[in-house]
Amino acid sequence: MAAESGWIEFWNRPNAIYVNQRNLDAHFECLKDDLLPHIPVGGMVVDYGCGDALAAEALAERAGTLMLYDAAPAVRERLRHRFAGHPRIRVLDDPDLAALPADTVDLVLVVSVLQYIPPADLPRLIGLWRSLLKPGGRLLIGDVVQPDTPLYRDVASQLRMAARHGFLLPAMVGIGRLALSDYRQLRQRAGFATYRPDQVITLLADGGLTPERLPDNIGPTAHRASFVGRKPQPAAEPAKVQ
């Protein structure tokens, strides 16, 4: 839990991951475009590790209910302030998440989160996510970092997005600022989990889900990977012989 606590502390305070508001807006606009086709119309959706959730209103417009959960208290407080009174968006804390009834959720989103979860905790969390899903419901795990991915690929991806959206110079400054921050030390101290695609497929299958790798990643980092695990329908009972 020490590793997870280190990342929660990082996200609970100001940091240099996003260089400016335009960076945040571009990131979540990409997420919105990638996620909308997966959102069940009128369904119940849990966004686990949602961050600032700038795409929440667009996702909630398609879903019936969108529940946002983030482990960082400061993030939850910002979300509660933004979405107070919203008829389709609910912000969850830890007790709220634990109290969600089983077999009620159509889709659980876990996007750009696995790298911050200690690998030993992941099977338990997959079990939690599976328990929330209705039969036929889906767990979407996005933006999984693969082992031995060179840092320059992430940097190049960020710079390409910055050039497209008009914040290239701030992005270059921000990358330098991040390199001088405690982010690198935190990655070494708290850990930064990476997975091969076959490992994620095995984890989903072992967790009782039918796994599938998506053809494209969710989010702006194309060289990462995304997966869906579907909760099986219960087996039909054999017909009774009259």
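Mentor: Let us begin with helix α6, bearing in mind that this is a predicted model: in α6, the residues L122, L125, I126, W129 and L132 are buried.

Trainee: What makes these residues of α6 buried?

Mentor: The word buried is used for a relative accessible area under 20%, and L122, L125, I126, W129 and L132 are the residues of α6 that are called buried. They cover an arc of only 120 degrees around the axis, which puts them on the same side of α6.

Trainee: Which elements do the buried residues of α6 pack against?

Mentor: They pack against β1, β4, β5 and α10 (197–206), and the helix itself, residues 122–132, lies across β1, β4 and β5, running at about 140 degrees to β5.

Trainee: Why are the buried residues of α4 said to line one face of the helix?

Mentor: In α4, which spans residues 73–83, the buried residues are V75, R76, L79 and F83. Seen down the axis of α4, they fall within an arc of 95 degrees, and therefore they line one face.

Trainee: How do you know that β1 and β2 pair?

Mentor: Pairing requires at least two bridges between two strands, and 5 bridges join β1 (residues 44–48) to β2 (residues 65–69), which run parallel.

Trainee: What is the order of the strands in the open sheet, and why do β3 and β6 count as its edges?

Mentor: The 7 strands follow the order β3-β2-β1-β4-β5-β7-β6, with mixed pairing. Both β3 (89–92) and β6 (210–213) have a single partner strand, so one side of each is left without a neighbour in the sheet.

Terms used:
Residues numbered from 1 in each chain as written. Predicted model: local features only at pLDDT ≥ 70, side-chain atom pairs only at ≥ 80, totals over all residues. Heavy atoms only, no water. Helix = DSSP H or I, 4+ residues; strand = E, 2+ residues; numbered from the N terminus. Contact = heavy atoms within 4.5 Å. Axes fitted to C-alpha atoms, helices over the stretch in contact; angles between N-to-C directions. Buried < 20%, exposed > 50% of the residue type's maximum accessible area, 1.4 Å probe, protein only. Arc of directions from axis to C-beta.
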